[in-house]
Amino acid sequence: MNSQKKIAILEKIKEYDRIILFRHKRPDGDAVGSTKGLKRILQLTYPEKQVLIVNNDYSDYVAFLGAEDEQIPDEMYESALGIVIDTATSERVSNPKFKLCREVVKIDHHIPIESYGDLEWVEEDRSSASEMIAEFYDTFKDELKIDKEAATCIYTGMVTDSGRFRFREVSGNTLRFAGVMLDCGIDLDVLYAHLYMKDFNTLKFKSYVYKKMKITENGVVYILVDKAMRKKFKLTLEEASACVSYLESISGSLIWIAFIETDENIRVRLRSRFVTVSELAEAYGGGGHACAAGANVKDKAEMRRLIADADKRLGCYKQENEGWL
């Protein structure tokens, strides 16, 4: 079935002279890497086609991969094929004008919540959308062209969304497709320096998080990054949200949460080991993967309710399961 979907997507790409790529709001490495990687593959393979990435925001974290394209007139969408990658719902697409495209293809690895594409290739057990783009290339490698630039973008998405190939969705195919990308000559020293080198201020913030973090009775570790903290450390929303990864290695804690206060609400970043948290995120208007999800709460009272719900979920899990660390 998935082979048929990939063939159908490639045939649809061949039909159009203009292809516009989209991804989700507040992009991460996977959203940027998958779209920029596919764009480069299509440009190399079909130099006569116009291939664009048009969105309404970007990411400082992976800005080293290069900029996206400028805004375009509405009429340019109307004759184009739109490809939306790494986005479960239409509301999450960064550029809502994707709906103006003549046809839309959806490529995603999140739990399917909404069907919004004329063609859809969705596999929720994949480690990243970038892995799917790597497979798409590998399936048609006798026809499609790739270079170091495209491979670097795709590999960046794969390594960031899989937690450096540590998350449960990582499979043998994940590593095989990563190998295909590495064979294109990616400079890992430069790539990992971009991804993991931290400036002094970031490390000071990290130490502050460890000082302020809290833990519930059953082991939910959480931190509230309020507006004062963001101002103190001059944090972008993206930098503040990344602090959820600081909490991941605490013994006995299988759920960790970062709450990021904004002018409108409190953004929630949920992560877990073994325990499913996507259902918890959905209860608060969000969603995502089984062990990596996001949501929003309107105030600190609702934040405390979410923490209590997470603590109850973790307590039940520990009572009913063995082998957790």
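The structure is a predicted model, in which local features need pLDDT of at least 70 and side-chain atom pairs count only at pLDDT 80 or more, while totals for chains, interfaces and linings use all residues. Residues are numbered from 1 along each chain as its sequence is written, and side-chain values use heavy atoms, with hydrogens and water left out.

K212 is found in helix α8, where helices (H or I, at least four residues) and strands (E, at least two) are DSSP runs numbered from the N terminus. On the surface, K212 gathers with K204, K211, K214 and K232 in a patch of positive charge, and helix α8, residues 200-212, supplies the largest share of this patch, 3 residues. Such patches are made of residues with over 30% relative accessible area and no salt bridge, with like charges joined within 9 Å and nonpolar side chains (Val, Leu, Ile, Met, Phe, Trp, Tyr) within 5 Å. Lys and Arg count as positive here, and Asp and Glu as negative, while His and the chain ends are not counted.

Side chains of opposite charge can pair when their charged atoms come close. The structure holds 20 salt bridges, each being a side-chain nitrogen of Lys or Arg within 4 Å of a carboxyl oxygen of Asp or Glu.

One of them joins D147 to R40, with the closest N and O atoms 2.7 Å apart. This pair links distant parts of the chain, since D147 lies in the loop between α4 (129-139) and α5 (148-161) whereas R40 lies in helix α2, 107 residues apart. R40 also forms a salt bridge with E149, where the closest N and O atoms are 3.5 Å apart. Here too distant parts of the chain are linked, with R40 in helix α2 and E149 in helix α5, 109 residues apart. R40 is partly exposed, because its relative accessible area is 23%, and E149, at 44% relative accessibility, likewise counts as partly exposed.

## A buried pair in a network

T45 is found in helix α2, residues 29-45, and because its relative accessibility is 12%, T45 counts as buried. The side chain of T45 reaches the backbone oxygen of I41 at 2.8 Å, and a polar atom of that side chain also lies 2.8 Å from the backbone nitrogen of K145.

## Residues in loops

R164, placed in the loop between α5 and α6 (172-182), has a phi near 60°, a positive value in a residue other than glycine. F274, in the loop between β9 (266-272) and α11 (278-283), has a positive phi as well, near 75°. R164 is partly exposed, with a relative accessible area of 49%, and F274, at 34%, counts as partly exposed too.

S251 lies in the loop between α10 (237-241) and β8 (255-261), and at 71% relative accessibility S251 counts as exposed.

Conventions: Areas by Shrake-Rupley, 256 points an atom, 1.4 Å probe, with all protein chains shown as cover. Charge placed at Lys NZ, Arg CZ, Asp CG, Glu CD. Buried < 20%, exposed > 50% of the residue type's maximum accessible area, 1.4 Å probe, protein only. Polar contact = N/O pair within 3.5 Å; in protein donor to acceptor, adjacent residues only side chain to side chain.
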